[in-house]
Amino acid sequence: MIAGTPGWLNIFLIVFLLLLAFVLVLLRFNKKKPETLAVTESEQGYALEDLTEYVREKINGLTRTNLYELGLSSEEFKKRENKRTELKSALRHCAYGSLQDKQYVKDFIFDMLDRYIPGEAMDLAVPFRRPDKMTGSEIFSCLLFQYKKQFGKEAFYRLVEAYQLDVSKPLHEGMNTVGYVIHEKEIRDIYEAEAFIFSRTDKLEILVQMVYERYKGLGVIDELRDMDIDGISGGVSGVVGTGEDSFPDKNSFHDGGQNEDEMGDLNFYAQEKTLRTCNSVWVFYRGKSIRLAFLGFGTDKELRRVCQNIYRYNKAGQLSESNGYRVSEMKDGSRVVVVRPPFSESWAFFVRKFQTKNMSLEKLIPDAGAALPIQFIRFLAKGRMITALTGSQGCGKTTLLMEMIRHIDAAFPLRIQEMAFELHLRKLYPERNILSFRETETVSGQAGLDLQKKTDGAVNILGEVASDEVSAWMIQMAQVASLFTLFTHHAKTTTDLVLSLRNSLLKCEMFSSEKIAEQQVVSVLDFDIHLTRDVDGHRYIERITEIIGTDMDQPYPEDWRFESEPERSAMRFQESVQQYFERVTDRKAFQTRNIIEYRNGRYVAVHPVTAMHVQEMTEAMRPAEAKAFETFIGQFWGEQPLETGEEITDAS
């Protein structure tokens, strides 16, 4: 009480102050109530981040609980222990391409969220009823889910084909440069046109996938990676960092003025300052690299997480600053390459998938006149010809090699040498005698090659000749301990193939003379199948080329010794000297000629196979196969093969 004031006044002041405090509290509460309710609706444990954290905590609790403290019966203890062991195993392998483990984890998450999320809260995580509030990634997840229900692994293929999403278009609105890209607007238009109606179960399954890909999956590419595509990559475009200096300055675009096309591209860069490396996702689809502009990992941390997890199947080793790349495979046979700074400018990954389902030469070579190269490739395998499959990346070399092996005589054991297991021939031909080897940190490729000579192998196959050491292995494999060899290479022409292998032998110091090294290469090569793809992703065999070594060992003429007249003897001697210098200088140790070519959309027979190779192939075949080969030669060429030494047109 206040001294010197009447009692009733003190009571009045106390009551007044209490009422004032009550009013102020009431006003403050009413003012904050709408904001508090809004926060409650969006963050009451049902946002995607909250659901992911809830699942993480629940699963961690299940896998770390001490079962001995629960006082369970012996039967119940074993049951829970087995279930926990199975869950731990699935959690370890679900991100490595194991669809079975992935589905097990998703089913587990489904049961958890089904009990946790009430029906009215389903749209709080993803606004299914408000597509305008959904992100491009969420729209795509809903589309892919609906198509997957109908078409399984062909969902992405069906979606692209239905709406022709793989056609070239401007990379950005107002940009003159065209390329392959799927914009977010296209995905939204498709979603609006389809007008899907999702049941509670559908919504829950979509949420489960979104939670899974954030928790244990591969981010936004998780479901797409499982589709029937050629490959997928991330972190390969966009700006590293967010600095303004990462973008071109319009004043430094050219020394002089800019034309309209260049200014259009410059406007694109000005508008796309938010395009960062972590938001770049590219899909390799039917020979085309298509950027998915609506997909992104969101943060560099998420891209780094995916890169650090995607390659770990089969204990692929540690990705570190000192070892900035890893080449590995996933459980489904996909090849994975991961790179990181400082070796690369950003974190990035590359997944290549090799389609083996219902594969055949007829499906791989569908163009007009395809019977010609298809039959000839089969005869090359049956005739034991040392054959190179050449071409650029993504043109189908590995896939054709996998199918070509089908036509090798089943009686021959196959031995495969690869950098990373990607052929997986035992999955295609489980009844065949096949064993694959690869180089490891402790076992060199040369050691593996030496070991192959002691494993009863008849045919050696190299997955890819991409380095000098591997080129030397190929020459060794073709010369000793092998009936014949098949391999792939990135050479553009047959001449480039020979010279590249020759240079590799010189770099490895196996030879000091270019001519001798070149003769060694030519002595083991028989044919080159060159594949390519056009700008629209169409893959085809550009040519099949025969490699013919010139007779460098032919003795020099010695007629000059027997000439009685000095002038004629001198002239003959000069001819011998001239031939010597021609052989050791500009005379090539080989000649090439195209047997089959792709012209105007059709395969045509060009030059006939030389008699030497026809004889070698015929002798290597079974009688019925040899007869069919002779009929084939007569059907498409209808003439006697060239004899060795006849004039040959260089087709390299």
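This is a predicted model: local features need pLDDT of at least 70, side-chain atom pairs count only at pLDDT 80 or more; totals for chains, interfaces and linings use all residues.
**Exercise 1.** Classify the ring pair formed by Y96 and Y313, and state which parts of the chain it ties together.

*Solution.* A pair of aromatic rings is described by the distance of the centres and the angle of the planes. A search of the whole structure gives 21 aromatic pairs. In the pair of Y96 and Y313, the centres are 6.4 Å apart and the planes make an angle of 55 degrees. Planes under 30 degrees apart would count as stacked and those over 60 as edge-to-face; the pair of Y96 and Y313 is therefore tilted. Next, place each residue. Y96 is found in the loop between α3 (74-93) and α4 (99-116), and Y313 in the loop between α12 (300-310) and β7 (325-329), so the pair ties together parts that are 217 residues apart in sequence. Finally, consider accessibility, with buried meaning under 20%. Y96 has a value of 15% and counts as buried; Y313, at 19%, is buried as well.

**Exercise 2.** Determine the geometry of the pair F632 and W637, and name the cluster that contains these residues.

*Solution.* The ring centres of F632 and W637 lie 5.8 Å apart, with 80 degrees between the planes. With edge-to-face assigned to angles over 60 degrees, this pair is edge-to-face. Both F632 and W637 are buried. The two residues are part of one aromatic cluster, whose other members are F376, F379, F527, F629 and F636.

**Exercise 3.** Which residues lie over the faces of Y215 and Y429?

*Solution.* Take each ring in turn. Over the face of Y215 lies K216, at 5.8 Å from the ring centre. Over the face of Y429 lies R432, at 5.9 Å from the ring centre.

**Exercise 4.** Describe the setting of D230 and the contact of its side chain with R286.

*Solution.* Begin with the position: D230 sits in the loop between α10 (222-225) and β4 (231-234). Then check accessibility: a relative accessible area of 11% makes D230 buried. Last, examine the contact: a polar atom of the D230 side chain lies 2.7 Å from the backbone nitrogen of R286.

How values were computed. Residues are numbered from 1 along each chain as its sequence is written. Side-chain values use heavy atoms; hydrogens and water are left out. Rings of Phe, Tyr and Trp (its six-membered ring) pair if their centres lie within 6.5 Å; planes under 30 degrees apart count as stacked, over 60 as edge-to-face and the rest as tilted. Helices (H or I, at least four residues) and strands (E, at least two) are DSSP runs, numbered from the N terminus. Buried means under 20% relative accessible area, exposed over 50%, partly exposed in between (1.4 Å probe, protein chains only). A charge sits over a ring if NZ of Lys or CZ of Arg is within 6 Å of the ring centre and within 35 degrees of the ring normal. A polar contact is a pair of N or O atoms within 3.5 Å; within protein, one must be able to donate a hydrogen and the other to accept it, and residues adjacent in sequence count only if both atoms are side-chain atoms.
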